[in-house]
Amino acid sequence: MNLFFKSIGLYDRSILNIEINKSILAEKLKKITYTTNLNFSLISDSAIPTRFEYRGQISNTHFMIRRRKRFFDINNINAIINGTFSEEIGNTSITLEITPSLYHTLPFIVTIIFCLLFGFTFINEKNIEIIWPLTIAVITNVGYYLALKNNIKRNKYDFERELNFIVQKGN
């Protein structure tokens, strides 16, 4: 799936070097992360205590988290952040892979498939008024794509800022 996200530009990968011990960083991330399964959970994001910024799973070698939604965050699409820790002489290197969740990409993919099927089935030279629904669907998909891409950039920036706060707080 990451290959598909790379091909359409909804994938971001970066490597961060932080001057903190790997186990300390994992413990500090656990303090701000509510431990739950990202794929299926009966607990809504608004029911999670406010001291937790993220929800997901963290171990000593890798993590999979996403920012939790607040009570009135209606249009906020939070990306999934996968990361791995590796320690080198006093520094911790974190490899981040940021992708949208499958839940948010399914409407995008289904709409593209629907537009293609609809376009190939009903468009001919006599029926030119069918183009307007396709145009509206394409404009909607482009807007949704740009929103997904913007939210991936914003989530990356927020998580890097959170890591910087953790390091500054630890020193």
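# Charges, fold and cores

User: How far apart are the mean positions of the positive and negative charges of the protein?
Analyst: Lys and Arg count as positive, Asp and Glu as negative, while His and the chain ends are not counted. Each charge is placed at NZ of Lys, CZ of Arg, CG of Asp or CD of Glu. The protein has 20 positive and 14 negative charges, and their mean positions are separated by 4 Å.

User: What kind of model is this?
Analyst: Residues are numbered from 1 along each chain as its sequence is written, and side-chain values use heavy atoms, leaving out hydrogens and water. Local features need pLDDT of at least 70, side-chain atom pairs count only at pLDDT 80 or more, and totals for chains, interfaces and linings use all residues; this is a predicted model.

User: Which pattern does the protein follow along the sequence?
Analyst: The protein has 4 helices and 6 strands. These are DSSP runs numbered from the N terminus (helices H or I, at least four residues; strands E, at least two). Read along the sequence, the pattern is α-β-α-β-β-β-β-β-α-α.

User: What share of the residues counts as buried?
Analyst: Buried means under 20% relative accessible area, exposed over 50%, and partly exposed in between (1.4 Å probe, protein chains only). Of the 171 residues, the buried share is 39%.

User: Which residues does Leu 163 contact, leaving aside neighbours within four places in sequence?
Analyst: Contact means heavy atoms within 4.5 Å. Leu 163 is one of the core residues that touch the most other members. Beyond its sequence neighbours, Leu 163 contacts Leu 16, Ile 18, Leu 25, Leu 29 and Ile 94.

User: Which residues does Asn 141 contact, leaving aside neighbours within four places in sequence?
Analyst: Asn 141 lies in helix α4. Its relative accessibility is 10%, so Asn 141 counts as buried. Leaving aside those neighbours, Asn 141 touches Phe 108, Thr 111 and Ile 112.

User: Is Arg 67 buried or exposed?
Analyst: Arg 67 sits in strand β4. Beyond neighbours within four places in sequence, its contacts are Glu 53, Tyr 54, Asn 78, Asp 158 and Glu 162. Its C-alpha atom is 7.6 Å from that of Ala 79, 12 residues apart along the chain. The relative accessible area of Arg 67 is 14%, so the residue is buried.

User: What relative accessible area does Tyr 103 have?
Analyst: Tyr 103 is in helix α3 (residues 102-122). Leu 29 is 74 residues from Tyr 103 in sequence and 25 Å from it in space, C-alpha to C-alpha. Tyr 103 is exposed because its relative accessible area is 66%.

Key. Core = buried A, V, L, I, M, F, W, Y, C linked by side-chain atoms within 4.5 Å.
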